[in-house]
Amino acid sequence: MEFLTNGKLVIVGAAGMIGSNMAQTALMMRLTPDVCLYDPFAPALEGVAEELFHCAFEGVRITYTSDVREAFTGAQYIVSSGGAARKAGMTREDLLKGNAAIAEQLGKDIRAWCPDVKHVVVIFNPADITGLVTLIHSGLKPSQVSTLAALDSTRLRSELARYFRLPPDRIENCRTYGGHGEQMSVFASTTLVNGRPLSELIGARMPQADWEALRQRVVQGGKHIIDLRGRSSFQSPAYLSIEMIAAAMGGRPFRYPVGTFVRTEEFRDIMMAMETALTADGVSYRPVQGTPEEHAELKASYEHLCALRDEVIALGILPPVAEWGAINPNLR
């Protein structure tokens with residue numbers, strides 16, 4: 001049976017709901033025969049491993065460990081959900097301090113045990129900041145680290161399909177940019193609804209008030225899942241993050257924006273969702289095209305991320321921006 005790669009894939013946080021779903025998804029998609037599950041919580045990790053053994057996947061080697069050195073040694077690909085989960089009443093930003101510290105250690109462990117890793121996907125919240133912290137402390141190139149941002153775009157797709165009573169595949173090129181949080185920028189100008197630009201439908205087939213309400217449902221999509229299920233999303237982030245790492249392995253191109261390190265004249269020294277390509281060569285981005293109003297929203301989202309970044313700097317988890325190159329020469 002063929003696999004996409006033979007490289008070692010490490011699932012960080014594998015004892016959790018997202019991590020265990022990521023592991024099963026990667027095995028079902030036959031990305032690699034070498035899947036390692038890592039989590040400091042050994043009893044639950046063993047339970048996940050036992051479940052996967054009982055699936056009787058063919059041709060694969062599933063290992064598990066609570067020793068980070070053992071897990072990361074020889075890793076070519078890493079997907080990490082290894083932070084605290086968002087709970088009812090919390091925003092993604094409420095997780096900032098604790099999860100930024102976890103991201104710092106993740107970066108240092110990558111530097112110590114698998115500096116030759118090809119790609120790392122970071123998905124624990126606030127993902128833009130935890131991804132940035134991981135990148136800086138890992139010493140990797142910006143093209144080698146990406147973060148989950150697609151969940152906002154897929155929520156936009158779902159909401160529009162429901163509103164227009166269309167199959168979801170008739171909603172194309174949905175895009176949210178900037179931060180993966182409540183300050184995200186939701187674009188209408190990129191989206192096609194049954195082949196027609198969404199921006200032409202707003203005010204015609206879709207009253208402006210309905211669009212504003214739909215935008216809010218997209219922004220609050222994560223909160224809505226918590227309200228319904230009593231816990232944060234795990235199936236959708238697990239699947240999308242494995243689609244991301246599959247693209248980094250050379251598989252099908254990823255269809256949605258991902259979070260990437262940005263350094264342009266306008267947006268500098270931050271991790272944020274842009275219009276991206278994620279391939280075996282890593283993640284690259286190009287400028288976002290939109291209306292003046294959408295661009296103003298994107299700028300506001302960027303400024304919110306900068307405030308979070310500066311808070312992490314004030315906590316001592318990151319050095320000042322001017323000193324990043326001393327830790328990671330790829331950021332000079």
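User: Before we start, what does buried mean here?
Analyst: Buried means under 20% relative accessible area. The model is predicted, and C36 has a relative accessible area of 2%, so C36 is buried.

User: And C114, buried or exposed?
Analyst: C114 is buried, with a relative accessible area of 3%.

User: How many disulfides are there in the whole structure?
Analyst: A search of the whole structure gives 0 disulfides.

User: How many of its residues are buried?
Analyst: In α5, 12 of the 12 residues are buried, so the helix is largely enclosed by the rest of the structure. Among them are D128, T130, T134, H137 and S138. The buried residues also include I129, L132, V133, L135 and I136.

User: What comes just after α5?
Analyst: G139, which takes a positive phi of about 80 degrees.

User: Which helix is A314 in?
Analyst: A314 is in helix α11, residues 292-315.

User: Is that residue buried or exposed?
Analyst: A314 counts as exposed, at 68% relative accessibility.

User: How far apart are A314 and N328?
Analyst: They are 14 residues apart in sequence, and 19 Å apart in space from C-alpha to C-alpha.

User: Now the aromatics. How many pairs does the structure hold?
Analyst: There are 6 aromatic pairs. One of the pairs is Y177 with F187: the ring centres are 4.8 Å apart and the planes are at 90 degrees, so this pair is edge-to-face.

User: Which strands are Y177 and F187 in?
Analyst: Y177 lies in strand β8 (residues 175-177) and F187 in strand β9 (residues 185-187), so the pair ties together parts that are 10 residues apart in sequence. Y177 and F187 are both buried.

User: What about F254 and Y256?
Analyst: F254 and Y256 form an aromatic pair that is also edge-to-face, with 6.3 Å centre to centre and 70 degrees between the planes.

User: Are those two buried or exposed?
Analyst: F254 is buried, and Y256 is buried too.

Definitions and conventions
Residues are numbered from 1 along each chain as its sequence is written. This is a predicted model: local features need pLDDT of at least 70, side-chain atom pairs count only at pLDDT 80 or more; totals for chains, interfaces and linings use all residues. Side-chain values use heavy atoms; hydrogens and water are left out. A disulfide is a pair of cysteine sulfur atoms within 2.5 Å. Buried means under 20% relative accessible area, exposed over 50%, partly exposed in between (1.4 Å probe, protein chains only). Helices (H or I, at least four residues) and strands (E, at least two) are DSSP runs, numbered from the N terminus. Rings of Phe, Tyr and Trp (its six-membered ring) pair if their centres lie within 6.5 Å; planes under 30 degrees apart count as stacked, over 60 as edge-to-face and the rest as tilted.
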